[in-house]
There are 2 protein chains.
Amino acid sequence: LDYQHVQVPFEITLWIMLASLAKIGFHLYNKLPSVVPESCLLIFVGLIMGGIIYGLNDRSPPVMDSDIFFLYLLPPIVLDAGYFMPSRPFFENIGTILLYAVVGTIWNVFGIGFSLYGICQVRAFRLQDVSLLHNLLFGSLIAAVDPVAVLAVFEEIHVNEKLHILVFGESLLNDAVTVVLYKLFRSFCEMPTIKSVDVFAGVGQFFVVGLGGVLVGLSFGFTAAFTTRFTKDIRVIEPLFVFLYSYLSYLTAEMFHLSGIVAIIACAMGMKRYVEANISLKSHTTVKYFMKMWSSVSDTLIFIFLGVSTIGENHEWNWPYICFTVIFCLVWRALGVLVLTFFVNRFHVNTITSKDQFIIAYGGLRGAICFSLVFLLPEFHRKKLFIAATTVVILFTVFVQGMTIRPLVDLLAVKRKRESAPTVGEQIHIRFLDHLLAGIEDISGHWGQYYWKDKLEYFNSKYLQKILLREYDQPKSSIVLLYEKLERKHAIELAEAGQLGHGLAHPSLLNDRTVRTDQKLEDTMNPDVLDNMQEILARNLYRIRRTGPAYNRHTLPGESEPSEHAKEILILRHKSL
Amino acid sequence: LDYQHVQVPFEITLWIMLASLAKIGFHLYNKLPSVVPESCLLIFVGLIMGGIIYGLNDRSPPVMDSDIFFLYLLPPIVLDAGYFMPSRPFFENIGTILLYAVVGTIWNVFGIGFSLYGICQVRAFRLQDVSLLHNLLFGSLIAAVDPVAVLAVFEEIHVNEKLHILVFGESLLNDAVTVVLYKLFRSFCEMPTIKSVDVFAGVGQFFVVGLGGVLVGLSFGFTAAFTTRFTKDIRVIEPLFVFLYSYLSYLTAEMFHLSGIVAIIACAMGMKRYVEANISLKSHTTVKYFMKMWSSVSDTLIFIFLGVSTIGENHEWNWPYICFTVIFCLVWRALGVLVLTFFVNRFHVNTITSKDQFIIAYGGLRGAICFSLVFLLPEFHRKKLFIAATTVVILFTVFVQGMTIRPLVDLLAVKRKRESAPTVGEQIHIRFLDHLLAGIEDISGHWGQYYWKDKLEYFNSKYLQKILLREYDQPKSSIVLLYEKLERKHAIELAEAGQLGHGLAHPSLLNDRTVRTDQKLEDTMNPDVLDNMQEILARNLYRIRRTGPAYNRHTLPGESEPSEHAKEILILRHKSL
């Protein structure tokens, strides 16, 4: 036995296998997932696994290492989120989302940091040695809403699209703020004195980190689109480029201390439409399927690892600090949402209702990002306290908030996602209004959302498409294509209803046409259909032989299976002849 | 800049990217791949890369580490080979393949080992310190034909199916022999004295390693098939199981010192038909696509890494030894093929022609497996000589034999793979003969190939299918399905030829039918078609607006693009109304 040799890949495969089997297990029980969110179940599985491993080894495996999380587990989820991001609601609410993500997160960081510092001044709690900077540092990591946790819960409760994109978009874009504040406070902690220059540099960093991320992402995205122009002869490696370039964008951004999450989202959103047009349909299915698969496994692993890593001796249980952390997280988020929404509603016709505000505040789940960040903290004597507090906040938000949010959504009768797709009439109406508004904005000289959208679309069709698309597809073809597709569908319907044969047999219509189409059919019969026929023949001939009345030394006649099927085939074939 | 942090995934991604881009590059030039095999080009790229890196760093990167090769690069290729293995020619020739793989490899090992030992006795070459055991050890690693190299070359020259499967099957199955002999001689090298018991234990190991691999593979394969019975609700992780279980079978076999290659092939061949029946069509596309993609990237990386790792100072250039190694490799293989084929032909009606024999002997390419094994050798003072000899043998076989085999195949007019698929008539004929032969074997009590095939098929349908398949599909449905498929294809042909509309408009036939089918069409119109329509509308409406004669402050009328497309759409739509 040579376990050492295969240990690393073997254990990775086993963990993924465990995650996949756990997922299958939950779905076999149909009732369970409707009551308890999958994330809770997975953490639970992780806790059990962690307990077993801890019992056997006296220490938990280092599965939730910050490097593993940030380099391998997080990118697939963010890529999936970016690639399948509904771009219309996202860009319609981009202002609100940015407000929540930037101002809201800063508000939370300072709110939580300062009030926890206040708690530290209470002598009875014995926390006087935790400085303001450490509290702010802790605030910066605990304030950020986690995209993985939010996605896991919100995918199951089906709230309306706007609400979903507000919470989810915030959780993605606050990464830039978190990165900046976390690194700022961490470097402040290590500096002897803080100059005001440093503070200003920090403010400047926001823009660098966020916009830099967007820039890195877009450039990789466009490169990816450009590369897929040349893959016509080797279709089989097309899907690879989607994954390679997005991962490179993430890694490059991380390398330059920019926001990797923002970069990968920009990359995915930037490349999507061009790559889709360039690659083959099968490649595209593979890309979509693999992205979903990967993110789903990543997500499962994160929650299991979260459970596993919770077990251990890393914690310092100072309950007052921990409880106040949970309370402040809830209170400051609620306050922040209230205040920011007040301003947002003043400038919008389509206001955010108080029910929606409640769900936004309540949906601020914390997850694996905080968990990984707290382990990345520089060593100091109260690190274990911060770890304990983070663990409790995560478990509280995922379990208590995650499990109660669905009943609350039901109770408050929050507007749900519409089950049916909008009708074509509605869609035309919306588009018409878009054009109208773009026109009005154009005439009135107001540079609003519609104006920019229109300009972008123009720039896209004028320049980008010509560079990035292999076959610059003509606008007219798409309506013609739709017509053809409908015709084809109609024909299939007829064929399935068995009415095609009759129609064709009518002699007055089809004197010479049948001959022509028959020829055509023979031409196109070649590889695909023949393969299929051969496979089917191979299968059926075996069956017929076996179940037919053949002579066999080992069985008596009549002992074999009833040959109903075989008869049926023969009858069918005779009929068709 | 924080390169350290992202170094590992960044460099892996860059290598994969380089491999993919190299592949694209070669295919852009259509003429190049038809003259030089891709493997040679890739080694060449690798040599250049290795030269550059060596020039900059003064040492080559450890990319072709044995662990990297055996644990990460080899499994995807073997999995792909096993999954897409044509099972009929493989099992028809299994006896011959095993003979070549087992007896042929042993013949080569001892032939090359002993005759190199003879060379070492020549005083002028100054090689007297290389013992017989070391020569045999070297023989055991240099004798094995490499599946990766064989696949890369034979995929391009399109020889007939039997010849292909003989060479390729041998290269896969000789792994068991190579593993046993290599480990045997290596342990002999470290033992003070060798007892005859050890030799017998070695012979016993052949069966353990080979059959153990098959057993491990089949058990994982059936487990995989069984697992996919329960994935109906989470289609998205179905492809994962195919990869996870086959990889686990490989790792498990390696862990127990069994043949990992044999295990993964058995796993892939065992699971294929059941998994295919259980998983959805999209999952299956993803599995096939990803397998091909992965193996193609792996293959590319192996050849590039081979080139990179060749550059360095690991070599001891004792030319007599190296040249004689190349000569003995060629001679012993040719002799082995001649002798073995003589015996094979005596027992077969369908003999292997002398042209085929030449190609089998000439197609015995060496590749990355030898290269990795030679680095795994225990340290001794002539290791660098062995490394040099292995490198030269690989480069010689891949470049000289790989590049000349195509002209030779043309020159000798070796029977090629038939371009067209066999006709349905032929196929029925073959099947009929199979049944006949199975019946004859059954009556005459001869346990031949057809008898076993028939029994296996019976066991499969009676037991395995019931356990492993989710929906045990009825035999009758497949012919009906084919009929429906042909009908549908016919209908599409008609629709595309524009003849469906006329047929339907004829009033005598379609008095009430049109109404019925129209209703049906509306029912089925829902999600899919609507999505498509909306997307198309979204695109087209924008275009119409922009190119139409709208008022615009910034452009004069007539300055905008000619609105031909827009007009065309309008005309088309008017017509259709």
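Reader: How many helices and strands does chain A have?

Author: This is a predicted model. In it, chain A has 24 helices and zero strands.

Reader: And what share of the residues in chain A is buried?

Author: Of the 577 residues in chain A, 51% are buried. Chain A exposes about 27,400 Å², and carbon and sulfur atoms supply 65% of that area.

Reader: What part of the contacts in chain A comes from residues 24 or more positions apart?

Author: Among contacts with a separation of 6 or more, such residues account for 82%.

Reader: Let us turn to domains. Which ones does the assignment give for chain A?

Author: The domain assignment gives domain 1, residues 6-412, and domain 2, residues 424-471. The contact between them takes 15 residues from domain 1 of chain A and 15 residues from domain 2 of chain A. Their C-alpha centres lie 33 Å apart.

Reader: How much area do domain 1 and domain 2 of chain A bury between them?

Author: They bury about 1,300 Å², with 43% of it on carbon and sulfur atoms. On the side of domain 1, A:R88, A:R229 and A:Y274 supply 48% of the area buried against domain 2, more than any other three residues.

Reader: How many salt bridges are there between these two domains of chain A?

Author: The count is two salt bridges. As for A:R88, its side chain meets that of A:D434 in a salt bridge, at 2.8 Å from N to O.

Reader: What is the number of salt bridges over all chains?

Author: The structure holds 26 salt bridges over all chains. One pair is A:E38 with A:K23, whose closest N and O atoms are 2.8 Å apart. This pair links distant parts of the chain, with A:E38 in helix α3 and A:K23 in helix α1 of chain A, 15 residues apart.

Reader: Are A:E38 and A:K23 buried or exposed?

Author: Both A:E38 and A:K23 are buried.

Reader: What about the pair A:E238 and A:R235: how far apart are the closest N and O atoms?

Author: They are 2.6 Å apart in that salt bridge. A:E238 counts as buried because its relative accessibility is 0%, whereas A:R235 is partly exposed, with a relative accessible area of 26%.

Reader: Moving to chain B, where do B:D129 and B:R382 lie?

Author: B:D129 is in the loop between α6 and α7 of chain B, and B:R382 is in the loop between α16 and α17 of chain B, 253 residues apart. They form a salt bridge, with the closest N and O atoms 3.2 Å apart.

Reader: Why does B:R382 count as buried?

Author: B:R382 has a relative accessible area of 10%, and buried means under 20%. B:D129, at 38%, is partly exposed.

Reader: Back to chain A. Which residues are in contact with A:S20, leaving aside its neighbours within four places in sequence?

Author: Those are B:I237, B:L240, B:F241 and B:L244. A:S20 is in helix α1 of chain A and counts as buried, at 2% relative accessibility.

Reader: One last topic, the nonpolar patch on the surface. Which helix gives the most to it?

Author: Helix α14 of chain A, residues 319-346, gives the most, with eight residues. The patch includes A:W107, A:I327 and A:F342 and has about 770 Å² of accessible area together. A:F342 has its place in helix α14 of chain A.

Technical notes. Residues numbered from 1 in each chain as written. Chains lettered and ligands numbered in written order. Predicted model: local features only at pLDDT ≥ 70, side-chain atom pairs only at ≥ 80, totals over all residues. Heavy atoms only, no water. Patch = residues over 30% accessible without salt bridge, like charges linked within 9 Å, V, L, I, M, F, W, Y side chains within 5 Å. Areas by Shrake-Rupley, 256 points an atom, 1.4 Å probe, with all protein chains shown as cover. Salt bridge = Lys/Arg side-chain N within 4 Å of Asp/Glu carboxyl O. Helix = DSSP H or I, 4+ residues; strand = E, 2+ residues; numbered from the N terminus. Buried < 20%, exposed > 50% of the residue type's maximum accessible area, 1.4 Å probe, protein only. Contact = heavy atoms within 4.5 Å. Domains from an automatic or database assignment. Buried area = accessible area lost by both parts, 1.4 Å probe.
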